[in-house]
Amino acid sequence: MPNHFCSAEDCPDPAGWIREALILKETPYNDKLLGTNKTLGLIFFNASLRTRLSTIKAAQNLGMETITFNVNKEGWQLETAQGVVMDGDPAEHITEAAAVMGGYCDILGVRAFPTLLDRKEDYSEKYLLGFQEYAGVPIINLESAALHPLQSFADLMTIEQHKKKKRPKVVMTWAPHVKALPQAVPNSFSQWMQHYDADFHIAHPEGMELDAKFTKNATLSYDQDEALKEADFIYVKNWSSYHDYGEPLKNQQGWMVTLEKLQRTHQAKLMHCLPVRRNVVIADNAMDSKHSIIQDQAYNRIFAAQLVLKKLLTRS
Ligand code: SN0
């Protein structure tokens, strides 16, 4: 087990972990003593509902204490660059802040979204790497600029729980949105799908290609209808452009997922990481249909986080 959980690359055995997490879900309190006198710190630079609550719940199931800190709202603004004269807004350097929080906690989770202004800077993951370097404790990625591994791990658990054939067809489709959103969720899902036995397709409009490093094993299509044919799972997500960095698509028409589209699939299960804007990304008639396994995805977040915490607490 590596010292951190920041990417699929930090999971040595995805299939084994999915199995273990699904077992944990049946027996969530078996390790209640494992976290005695251990503290998990959760540091948020951005908003969160599921990640925050599911990870706290996971820690409680293991007997850990938690400290949640909305650093952007309640803390000092942090400087991340080395060697700068700190005569601007940031009052504190990540070097000291991470070390202090690492001293108070045994494991730290960090959420830091991208700015979507500068790709190189966003994808350098300066917050995640800064915490890894200076905190001196294991770091969990609670959604960084480029990746959201706790979400993807729960997504794979959910597919495993619902699949009816050994190698299902899984289609991730781009969908419209009113804002420019990060690529973290689709990057991460694609990265984890490289380690999962499925026929994996990605449908998106021209110009919305993700970093090929993550999508290299997927079948890519610009035709949503074509891609959705015979699908067993449809993962819906908006993202902004990776190549024209941070730009939303101008003409988004025709990409919202509706019940009519789901009815043309292989009774596909509908997935989304949430939060979802109804009738922009997914229509009400699809959200409220029997196709949706979105609540299972959210529920599985507890056990994905619990297994990761367990692995970090017992790593040798
Ligand atoms: C985030 C994203 O990465 O797309 C978090 C998803 C887990 N989503 C949003 O920021 C949605 C914001 C909005 O206004 O709908």
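Author: A crossing is called right-handed if the near helix is turned clockwise from the far one by less than a right angle, and left-handed if anticlockwise. Helices themselves are DSSP runs (H or I, at least four residues), numbered from the N terminus. The model is predicted, with local features needing pLDDT of at least 70 and side-chain atom pairs pLDDT 80 or more, while totals for chains, interfaces and linings use all residues. Residues are numbered from 1 along each chain as its sequence is written, and side-chain values use heavy atoms, without hydrogens and water.

Take helix α1 (residues 14–26), which packs against helix α13 (residues 294–314) with axes 9 Å apart and at an angle of about 110°; axes are lines fitted to C-alpha atoms over the stretch in contact, and angles run from 0 to 180 degrees between N-to-C directions. α1 is therefore roughly perpendicular to α13, a word for angles of 65 to 115 degrees, where under 35 is roughly parallel, over 145 roughly antiparallel and the rest oblique. The crossing of α1 and α13 is right-handed.

For comparison, consider α4 (residues 94–104) and helix α6 (residues 126–134), whose axes come within 8 Å and cross at roughly 60°. These two, α4 and α6, are therefore oblique to each other, and α4 passes α6 in a right-handed crossing. Val100 lies in α4, and Val100 counts as partly exposed because its relative accessibility is 37%, given that buried means under 20% relative accessible area, exposed over 50%, and partly exposed in between (1.4 Å probe, protein chains only).
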